[in-house]
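Student: I would like to learn how to read a structure like this one. Could we go through it feature by feature?

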Amino acid sequence: MNDFLSKYFLGIDSGASKIEISVVSEEGELVRTVVIERSGNPASVGIEKYCENLLHALDKILSYVSPREVVGVGIGLAGYLEGLWNNDIINCLSRKLLINRDNVSIFEDIVSAHASIHLLKDGVIGILGTGSNFYGVCGEKIWRVGGWGHLIDDRGGAYSFGSRALSYVVKSLDGRIGYTRLIDYAFKLYNVSNIHELVSKIYSSDDPKKLIASFAPYVFKAAREEDPYALKILDEEISEIVLAIETIYRRLNCLDMPLGIIGSVYRENRDLLKNRIEAELERIFSRKFEILEPRIKPSCASSLAHMKKIVPKIDTVVSNLLRTCGET
């Protein structure tokens, strides 16, 4: 194929635990998607390790498209930190791609998450994954809430659920509160038998954030079993999620916009989260809420967020992405 007929865009969803890359034609037709289970967050693993992981993912996708055919790249990046890593990432891309830096767009992963649900239209979005993030767009107005990292403020994410649960575990073990099933789940998950082994396991870990976040599923398991402490954590985290969403609506003063939520914590625990969040928002705003699901893959949304700047028939691109890159 010649260069004129073969122009492709790469959309990259660069998340905390995986990197997803899609090749998309200039008409919005999905060619191929690859996923590697390596961290795509340079703030967590460092820029050198991030580049290594990104190049590994690029090697996989470039077996389906020639580097000379790639004319644009959009990256939704976890650990964006106001563009701190942009030059390093562009230099990393240049090892595999023949592309001008002006044809690379790097933005916070919440931007591509928003596009995956609202398809460049107005709306509010929340990410509930390892961490959390909330973002709204109304016309030219934008507001972002939370997502300030697990050490400061990531309420509603797996780390927040896990850390609060482990706090109850040690409180129960040292006698400050009563028994909780979370003790049994913590001992089983971390393969320990007492409080000292548990604390040592966490603090000696090479990746305590990941280790703590891995306990989150057991909070939901215990909540389904009506453990009072797990239910308390659930209520507290939902309150924080709702507060973040409410703040965006009020700051933008666009109270009728749709709402979407994505991320592994939400996806795997809709039964405990969806109705509760909707009900609390309906109480606050006195209107019906229906939490929307992603409509296209996050990597395809990253390509869309880049292509909107340069592709004239963006409605055609959106239509084709819905057809070829829809979430299943």
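Tutor: Start with a helix pair: the crossing of H2 and H3 is right-handed. A crossing is called left-handed if the near helix is turned anticlockwise from the far one by less than a right angle, and right-handed if clockwise. Helices (H or I, at least four residues) and strands (E, at least two) are DSSP runs, numbered from the N terminus. This is a predicted model, in which local features need pLDDT of at least 70 and side-chain atom pairs count only at pLDDT 80 or more, while totals for chains, interfaces and linings use all residues. Residues are numbered from 1 along each chain as its sequence is written, and side-chain values use heavy atoms, with hydrogens and water left out.

Student: At roughly what angle do the axes of H2 and H3 cross?

Tutor: Two packed helices are described by the angle between their axes and the distance between the axes. Here the axes of H2 (residues 47-61) and H3 (residues 86-93) cross at roughly 35 degrees and come within 10 Å. Axes are lines fitted to C-alpha atoms, for helices over the stretch in contact, with angles from 0 to 180 degrees between N-to-C directions.

Student: Which residues of H2 and H3 meet?

Tutor: Contact means heavy atoms within 4.5 Å. From H2 come Ile47, Tyr50, Cys51, Leu54, Leu55 and Leu58; from H3 come Asp88, Ile89, Cys92 and Leu93. These contact residues divide into 9 nonpolar, no polar and 1 charged. In that count, Ala, Val, Leu, Ile, Met, Phe, Trp, Tyr, Cys and Pro are nonpolar, Asp, Glu, Lys and Arg are charged, and the others, Gly among them, are polar.

Student: How many aromatic pairs does the structure hold?

Tutor: Rings of Phe, Tyr and Trp (its six-membered ring) pair if their centres lie within 6.5 Å; planes under 30 degrees apart count as stacked, over 60 as edge-to-face and the rest as tilted. The structure holds 8 such pairs. One of them is the tilted pair of Phe161 and Phe220, with 4.7 Å centre to centre and 40 degrees between the planes. Phe161 lies in helix H5 (residues 158-173) and Phe220 in helix H9 (residues 216-224), so the pair ties together parts that are 59 residues apart in sequence.

Student: Are Phe161 and Phe220 buried or exposed?

Tutor: Both are buried, where buried means under 20% relative accessible area, exposed over 50%, and partly exposed in between (1.4 Å probe, protein chains only).

Student: Which residues form an aromatic cluster?

Tutor: Tyr185, Tyr190, Phe215 and Tyr218 form one. Within this cluster, Tyr190 and Phe215 make a tilted pair, 6.0 Å centre to centre with 40 degrees between the planes. Both Tyr190 and Phe215 are buried.

Student: What sits over the ring of Trp148?

Tutor: A charge sits over a ring if NZ of Lys or CZ of Arg is within 6 Å of the ring centre and within 35 degrees of the ring normal. The charged end of Arg144 is over the ring of Trp148, 3.9 Å from its centre. Arg287 lies over the face of Phe289, 3.8 Å from the ring centre.

Student: Which residues have a positive phi?

Tutor: Most residues other than glycine have a negative phi. Among the positive cases, Leu81 has a phi of about 50 degrees and Leu119 one near 55 degrees. Leu81 is in the loop between strand S4 (70-77) and H3 and is partly exposed, at 48% relative accessibility. Leu119 lies in the loop between H4 and strand S6 (123-128) and is buried, at 9%.
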